[in-house]
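Q: Could you go through a few spots in this model with me? I'd like to start with the surface.

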Amino acid sequence: MPGFRPIQEMKLAVAPTDTDVRLQASIADIPSAGWERLLPDVPDTRGYYLAVEKAPPPNFAFGAVSASDGDDLVAVAPTFTLDYRLDTSLQGPLHRTLAGLSERWPGLASAKVIAIGSPLLDNLTLGFAPSLGAFQRQQIFGSFLETMEAEAGRTRCQIIVAKSLDESQADLLHDTLTAHGYRRIRALPTVVVDLPFETFDAYLMSLSKKRRSNYRQKMRSLTGVRFERRSSVGGLEGDLYRLFEATRTRSRGQYNEFDKLHPHYFSELSAQLGERLQVLLFWKDAELVGMLTLLVGKTAIIARDFGMKYPLGRELNLYFLAFLETIRFAIDRRIATLDMGATTYETKLQFGGRLDRKWLYLKFRRPLANRLLGPLAPLFDFERNDPELVRLAAIETPPADRR
């Protein structure tokens with residue numbers, strides 16, 4: 001990646017526990033058994049991050065941060081670095097203005113960022129050993145931050161980020177982050193559908209009569225479409241990528257590199273995830289016209305990548321059909337929640353979902369920049385700058401930062 005050397009392994013002793021914190025150059029350096037022990041049955045497995053590392057979006061480099069007590073892994077999280085364009089969280093005229101500046105003078109409206117989290121998922125995958133108490137977790141995460149900041153100094157990153165903490169993670173780690181000089185803004189929330197239903201019909205009955213009737217009508221579109229679900233995508237990788245790009249380029253919200261995929265992404269997902277990946281495919285005669293990838297865990301599913309052919313996909317209601325089939329699949333598997341991801345909120349909330357708020361914490365590496373520029377962070381609040389969320393009146397006044 002331009003401007004970055006590969007993340008080098010570095011070691012930091014964390015007093016008083018003698019825990020070793022390391023920045024790993026690759027997710028592959030994290031033992032699979034250790035990852036699964038700390039993060040059992042999550043949808044975004046170690047294999048997912050390995051797939052993204054092998055087929056990265058443009059301008060990203062990936063790694064991990066881990067903590068070990070002797071030979072035992074006790075904490076882990078994925079990491080990434082990129083040249084972050086400052087227009088990423090903005091929409092409308094201001095986005096276009098900064099985007100124009102970025103294209104004309106690349107260094108003027110961008111900053112080198114190192115982050116804990118994933119650029120492609122709207123949650124922070126952070127695993128701790130079950131035996132660790134809250135104070136120990138805060139200590140170790142504080143050492144994660146110190147290690148990331150040391151790496152930022154080595155690679156001349158200007159901003160350090162902890163991305164997409166959910167409410168429980170923010171409750172646990174907020175004081176640790178603010179003590180290290182981080183400020184928080186709201187990241188994009190996701191839409192989560194809770195599925196405590198015995199049958200798909202019971203789910204439909206939980207919706208309003210009007211919505212239920214509308215969905216039944218849309219499902220009749222399946223009479224002209226062949227539906228298939230598989231975990232291997234051999235031979236279809238190029239088709240999946242083209243469908244994804246067709247949808248991405250039509251999206252009302254644009255988030256620069258965070259929206260993009262590598263052309264080999266789908267083949268790597270299939271190779272690394274096995275049955276933990278489910279791909280919904282929609283065929284019209286012999287033509288693939290729509291797809292949705294699912295990351296499947298024991299208690300949750302993340303709906304990740306959607307794509308369809310235009311205008312046929314809209315005529316066939318493929319967006320609605322894909323999520324209805326996903327809900328049916330989750331209920332059949334007794335999976336309790338479906339994370340539909342961020343954006344397209346008005347449509348996703350119609351499925352009976354709720355907004356799951358996320359927080360982003362950031363810090364400028366240089367103390368003077370952090371003092372002078374830190375107060376400007378709220379201008380880049382993702383919720384504040386998303387016109388759909390504003391239109392939905394879904395934004396509450398955020399609680400004041402605890403001091």
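Q: Which residues form the nonpolar patch on the surface?
A: In this predicted model, the patch is formed by Leu-368, Leu-372, Leu-373, Leu-376 and Leu-379, which together have about 460 Å² of accessible area.

Q: Where does Leu-379 lie?
A: Leu-379 lies in a loop, with helix H13 (367-373) on one side and helix H14 (387-391) on the other.

Q: And how does Leu-379 count in terms of relative accessibility?
A: Leu-379 counts as partly exposed, because its relative accessibility is 44%, and that class covers values between 20% and 50%.

Q: Changing topic, where is Ser-231, and is Ser-231 buried or exposed?
A: Ser-231 is found in the loop that runs between strand S9 (226-230) and helix H8 (237-248), and with a relative accessible area of 15% Ser-231 is buried, because the cut-off for that class is under 20%.

Q: What does the side chain of Ser-231 make a polar contact with?
A: The partner is the side chain of Glu-275, at 3.2 Å. Leaving aside residues up to four places away in sequence, Ser-231 touches Glu-275 and also Ser-270, Gly-274, Leu-277 and Gln-278.

Q: What about Leu-50, which helix is that in?
A: Leu-50 has its place in helix H2, residues 46-54, and is buried, with a relative accessible area of 10%.

Q: Which residues does Leu-50 touch, not counting those up to four places away in sequence?
A: On that basis Leu-50 touches Ile-27, Ala-28 and Gln-272.

Q: How many residues apart in sequence are Leu-50 and Leu-269?
A: They are 219 residues apart in sequence, while in space their C-alpha atoms are 8.7 Å apart.

Terms used: Residues are numbered from 1 along each chain as its sequence is written. This is a predicted model: local features need pLDDT of at least 70, side-chain atom pairs count only at pLDDT 80 or more; totals for chains, interfaces and linings use all residues. Side-chain values use heavy atoms; hydrogens and water are left out. Helices (H or I, at least four residues) and strands (E, at least two) are DSSP runs, numbered from the N terminus. Buried means under 20% relative accessible area, exposed over 50%, partly exposed in between (1.4 Å probe, protein chains only). A polar contact is a pair of N or O atoms within 3.5 Å; within protein, one must be able to donate a hydrogen and the other to accept it, and residues adjacent in sequence count only if both atoms are side-chain atoms. Contact means heavy atoms within 4.5 Å. Patches are made of residues with over 30% relative accessible area and no salt bridge: like charges are joined within 9 Å, nonpolar side chains (Val, Leu, Ile, Met, Phe, Trp, Tyr) within 5 Å. Accessible areas come from the Shrake-Rupley method with a 1.4 Å probe; for residues, only the protein chains shown count as cover. A salt bridge is a side-chain nitrogen of Lys or Arg within 4 Å of a carboxyl oxygen of Asp or Glu.
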